[in-house]
Amino acid sequence: MKKFIALILALTLCLSMAACSGNNNQAAVADGPSGTVTVYTSVPQDLADQFKSSFEDKYPGVTVNIYRATAGEVLTKIKTEAEGGQVSGDIVWVADFSSAESLKALNLLDKYTFSEDAAIDASLKDAEGYYYGSRIITMVLTYNTMMVSEAPASWKDLLSADFTGKTGLPSTSSGSAFQYIGVMSENPDFGWDYFQALKDNGGMQFKSNSDVLQRIATSEIWAGPVLDYMVTEMKEQGSPVDFVIPEEGAIVVASPIAKLANCKNPELAELFIDYTLSQEGQQILVNMNTTPVRTDVETPDNVLSLADITVMEDNKTYLTNAESVKANFAEIFG
């Protein structure tokens, strides 16, 4: 009987402690931020899922809804909803500054100052405060290591007889490729003559970075511009691919994140942006082979840091001339 009473008392104590703990957890959730924040994004699905999971773990009272599509589809959705009177998303997170600039021009973004604004270089954020670069993805010169005995050193190497009919590049439907084409077209050492010469040398247009990379990996083509982290991932899986930073520089794409104008949950939108740009959020990117926008986040040897990248000069005038850039490219490549 004494043992039975002792057991009952022990169970009662455990249940009381569990109830207390549960109440404390509920109180913690109640005391913290709560609600739903919706992110419209074109970043890779696995990256979006990782940020959703990590953010919800940190803020258990908040649910993150992800709408993921191409940059063009994301922009169309936002513009269509705005015409209807209300955008359902709170945050837009896309690949290139031109997408953010187009939304800014339509007054579809709200200004916001990140709590650690000084940690982000001025070149990686909007001067007027409408968006921040969230991650560095770099258009690099990628090649097949089995077919190319000596790594190319310059973008102009793709014009040589060694690469006749063996190069490819993504189309302007890709945000990062649009920026690559825009920067190269405005560089006096390249311009539209470079793209015409590339086409004349048998260069081919494909839809996306992944399409170009897959064809390089299978030796259908031997070289072309592709995003660095994609090459790193495929190389780590055993494919015969690698990349170089050309002597003229690579094209840096800063993947902007911004708060949508008149969104339903502005405080949660700001919290998510803060988390993405924080050291903790930037470390998630590093763990996924992506360069952080902060210099106070360390990168392993297989991930480029900002200090590793020779950047081609980017005057960004193509951002306000997007249709002309696309038309010129289409005239050459179809």
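Student: How much space lies in the largest cavity?
Tutor: About 40 Å³, in a model that is predicted. A cavity is a set of points on a 1 Å grid over the protein atoms alone, where a 1.4 Å probe fits but cannot get out; its volume is the space filled by probe spheres set on points joined across faces, edges and corners.

Student: How many cavities of 30 Å³ or more are there?
Tutor: The count is 1.

Student: Which residues line the largest one?
Tutor: V92, W93, V94, S99, A100, L103, L109, P256, I257 and A258 (an atom within 4 Å of a point). Two or more come from each of β3 (91-93), α4 (97-105) and β12 (256-260), with helices (H or I, at least four residues) and strands (E, at least two) taken as DSSP runs numbered from the N terminus.

Student: And how do the lining residues divide?
Tutor: Into 9 nonpolar, 1 polar and no charged. Ala, Val, Leu, Ile, Met, Phe, Trp, Tyr, Cys and Pro count as nonpolar, Asp, Glu, Lys and Arg as charged, the others as polar.

Student: New topic. At what angle do α7 and α8 pack?
Tutor: About 35°, axes 10 Å apart, for α7 (209-217) and α8 (228-236). Axes are fitted to C-alpha atoms over the stretch in contact, and angles run from 0 to 180 degrees between N-to-C directions.

Student: Which residues make the contact?
Tutor: N209, S210, L213, Q214 and A217 of α7, with M230, V231 and M234 of α8 (heavy atoms within 4.5 Å). They divide into 5 nonpolar, 3 polar and no charged.

Student: What does the pLDDT average?
Tutor: 90, on a confidence scale from 0 to 100. Residues 18-28 are below 50.

Methods
Residues are numbered from 1 along each chain as its sequence is written. This is a predicted model: local features need pLDDT of at least 70, side-chain atom pairs count only at pLDDT 80 or more; totals for chains, interfaces and linings use all residues. Side-chain values use heavy atoms; hydrogens and water are left out. On a 1 Å grid over the protein atoms alone, a cavity is a set of points where a 1.4 Å probe fits but cannot get out, and a pocket is an open set with protein on both sides within 12 Å along at least five of seven lines; lining residues have an atom within 4 Å of a point. pLDDT is the predictor's confidence in each residue, from 0 to 100.
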